[in-house]
Structures are given as C-alpha cells and as structure tokens.
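Biologist: I am new to this structure and would like to learn how to read it. Could you take me through it step by step?

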Amino acid sequence: MPAESVERPREKASASARSTLLTVLGEFVLPRGGEVWTRTLVAALGALGVEEKSARQALARTAAEELLESERHGRKVRWRLTEAGDRLLREGTERIYGFMRAPHQWDGRWLVLTAGVPETQRRLRHRLRTKLTWLGLGSPSPALWVIPDASKEAAVREVIRELDLTDRAYAWTGPSAAIGDTAKLISAAWDLDDVEKRYVSFIEQFEGRAVASGREAFVNQVLLIQEWRRFPFLDPDLPAELLDHAWPGPRAAAVFHDLHNRWHRRAQAEWDLMDEEAAARH
C-alpha cells in the first residue's frame with residue numbers, strides 16, 4: 001500500500017480527534033472555568049471512540065496552537081484554556097447556538113466586498129476565506145464576496161483590518177440593481193443544494209432520537225454539536241425572499257435546540273462523573 005494512502009486516514013483521524021476535542025472543550029470545559037485534567041479528556045474522548053494516543057496527540061496539537069497550556073500537579077497534568085483558546089471557544093459557542101435561532105427581517109441590502117490576495121500568498125488566502133465564510137459570505141467569482149446582510153459590515157471590516165488587507169480591499173452596501181439574475185449569483189456563491197442535503201440528513205439522523213443513560217446523553221450531545229457546528233460555515237442563512245422553496249434549516253435548528261436542551265443536564269452530570277473519577281486517580 002502506498003505511503004500516501006496510509007497517511008491520509010491518519011491525518012483524517014487526527015483532524016477528527018482535534019475537532020471532537022474542541023467540541024468537548026467548548027461544551028464542558030469552558031463553562032467550568034476553562035480547566036480540566038488530562039485523564040478527564042482522555043476518558044471523555046474514549047467514550048466517543050477516540051483512542052488514547054489520538055486524544056493525547058490532539059491535546060498536544062491544540063497546545064501547540066496556543067489554545068491550551070498545561071500545568072503539572074505531581075503525576076497528573078491539568079490543562080487551562082489560554083486567552084486565545086477562551087476567545088475562540090466563546091466566539092464559536094455564540095455562533096453555533098445563535099445560528100438560525102430566530103427568523104430575521106431583511107431590509108433588502110447587500111454587502112459586497114472585493115479583496116485581492118495573490119495566488120502566491122496561499123496561507124493568507126485561506127485565512128481570508130475561512131474568516132469570511134464563518135461570517136456567512138459567499139464568493140461568486142475570484143476576489144469577490146457577497147452577503148445579503150449589510151449588518152455584517154463591522155465584522156467584515158475587522159477581518160480586513162486583522163489580516164492587514166485594508167489597502168487591497170473595498171466594500172459597499174445597498175440594494176441590488178435590476179441587472180443580472182440574483183438566483184445565479186446565489187448559486188455561484190453558495191452550494192445550497194449540498195447544504196440542503198446535509199440539513200435533511202441531520203434531521204433524519206437526530207429527530208426523535210432518545211437516550212437511556214447519562215453516558216448515552218453525553219455521547220449523543222457531542223455528536224449532535226459536532227454535526228450542527230458545520231452549518232454556520234456552510235449556510236449563509238439567506239432571507240426567505242431569496243429562497244425559492246421551504247428551506248429545511250429552521251426545522252433542523254429546532255431539532256438541534258430541542259435535543260440539546262433535553263440532553264443537557266444528563267450530559268453535564270456524566271461529564272462531572274468522569275471528572276471526579278479522573279481527579280480521584282493517582
């Protein structure tokens with residue numbers, strides 16, 4: 001078997017372990033002051049099917065990204081969220097739980113941004129794309145970004161300032177002119193067919209699911225968040241006026257919030273139990 005085919009599953013597993021770790025940190029560690037034992041995290045990730053080696057690698061990788069810092073207590077290690085880690089998780093929590101929480105009125109205005117980053121600056125291009133996508137913007141053509149939400153102006157300005165692109169970017173807001181096909185613009189900016197399929201799959205996977213124990217509540221709570229957290233990256237949450245049929249996003253959001261609320265107490269209690277067991281071990 002070629003080395004490349006061996007590495008790819010490993011890389012995928014590593015990325016999956018880190019993603020799961022971040023979800024666990026945001027859901028269970030952040031609300032408890034941002035501190036946790038290594039053994040608690042290893043046990044929690046183990047319940048989610050992550051092997052101990054992968055869990056420890058995910059911890060090391062997250063620490064290398066300066067999101068976590070460690071402190072030794074005898075033979076045990078306690079992790080603490082850094083300022084950057086705390087900020088990342090709080091921003092993520094706000095977006096994940098606030099996304100599509102309530103319908104919003106559209107004033108008919110768009111925000112349009114042009115920001116040119118040469119192909120040679122791939123890392124900068126990736127950072128720009130990641131940050132703008134997180135805000136819901138879509139790119140119908142190279143260097144052009146759009147979103148039918150003028151209220152994102154301040155957030156977009158901050159991204160451009162943070163990436164030091166002020167001298168290479170220009171943005172404006174306002175209603176669209178009666179030129180061109182808005183449906184084609186939307187189709188070019190976002191893959192809504194794929195997003196819709198993902199929503200339908202999410203609903204089919206979780207709607208009506210029940211749990212029979214604290215451990216099941218914990219596992220399913222994390223899986224629920226893991227699946228839902230992708231949607232703020234994928235769905236621009238377009239106004240109803242720009243959609244040509246009933247969008248499954250609101251129904252998926254209702255499933256998410258209903259189950260999260262239903263499982264919350266038992267999942268948190270299971271986490272406390274794992275943490276107590278980890279703290280008691282020498």
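Modeller: Gladly! Let us begin with a definition: helices (H or I, at least four residues) and strands (E, at least two) are DSSP runs, numbered from the N terminus. In this chain there are 11 helices and seven strands. The model is predicted, so local features need pLDDT of at least 70 and side-chain atom pairs count only at pLDDT 80 or more, while totals for chains, interfaces and linings use all residues. Residues are numbered from 1 along each chain as its sequence is written, and side-chain values use heavy atoms, with hydrogens and water left out.

Biologist: What box do the C-alpha atoms of the chain fill?

Modeller: Taken along the principal axes, the box is roughly 70 × 45 × 45 Å.

Biologist: How should I read the UniProt annotations?

Modeller: UniProt positions are given in the numbering used here, feature names are shortened, and annotations may be inferred rather than shown by experiment. An unreviewed UniProt entry gives "domain: Transcriptional repressor PaaX-like N-terminal" for residues 16-85. That stretch is 57% helix and 21% strand, with its end C-alpha atoms 18 Å apart. The unreviewed entry also lists "domain: Transcriptional repressor PaaX-like C-terminal" at residues 190-269. There the chain is 69% helix and 0% strand, and the end C-alpha atoms are 40 Å apart.

Biologist: What makes a residue buried or exposed?

Modeller: Buried means under 20% relative accessible area, exposed means over 50%, and partly exposed is in between (1.4 Å probe, protein chains only). Of the 282 residues in the chain, 42% are buried. Take Thr20, which lies in helix H1 (residues 3-29). Thr20 counts as buried because its relative accessibility is 8%.

Biologist: Which residues is Thr20 in contact with, leaving aside its neighbours within four places in sequence?

Modeller: Contact means heavy atoms within 4.5 Å. With those neighbours set aside, Thr20 is in contact with Leu45, Leu48, Val222 and Gln226. For the chain, take contacts with a separation of 6 or more: 78% of them join residues 24 or more positions apart.

Biologist: And where do nonpolar residues gather?

Modeller: In soluble globular proteins, nonpolar side chains tend to be buried together. A nonpolar core is a set of buried Ala, Val, Leu, Ile, Met, Phe, Trp, Tyr and Cys residues joined through side-chain atoms within 4.5 Å. The largest one here has 61 residues, and Leu25, Leu41, Tyr199, Phe202, Phe218, Trp228 and Trp271 have the most contacts inside it. H11 supplies the largest share of this core, nine residues. A second, separate core has 17 residues, including Leu111, Val117, Leu124 and Leu132.

Biologist: How do I describe two helices that meet?

Modeller: Axes are lines fitted to C-alpha atoms, for helices over the stretch in contact, and angles run from 0 to 180 degrees between N-to-C directions. The axes of H8 (residues 192-206) and H9 (residues 214-228) come within 11 Å and cross at roughly 170 degrees. H8 and H9 are therefore roughly antiparallel to each other; angles under 35 degrees count as roughly parallel, over 145 as roughly antiparallel, 65 to 115 as roughly perpendicular and the rest as oblique. At their meeting, Tyr199, Phe202, Gln205 and Phe206 in H8 touch H9 residues, among them Leu223 and Trp228.

Biologist: Where is Glu66 found?

Modeller: Glu66 is in the loop between helix H3 (52-64) and strand S2 (68-73). Although not a glycine, Glu66 has a positive phi of about 65 degrees. Glu66 counts as exposed because its relative accessibility is 59%.
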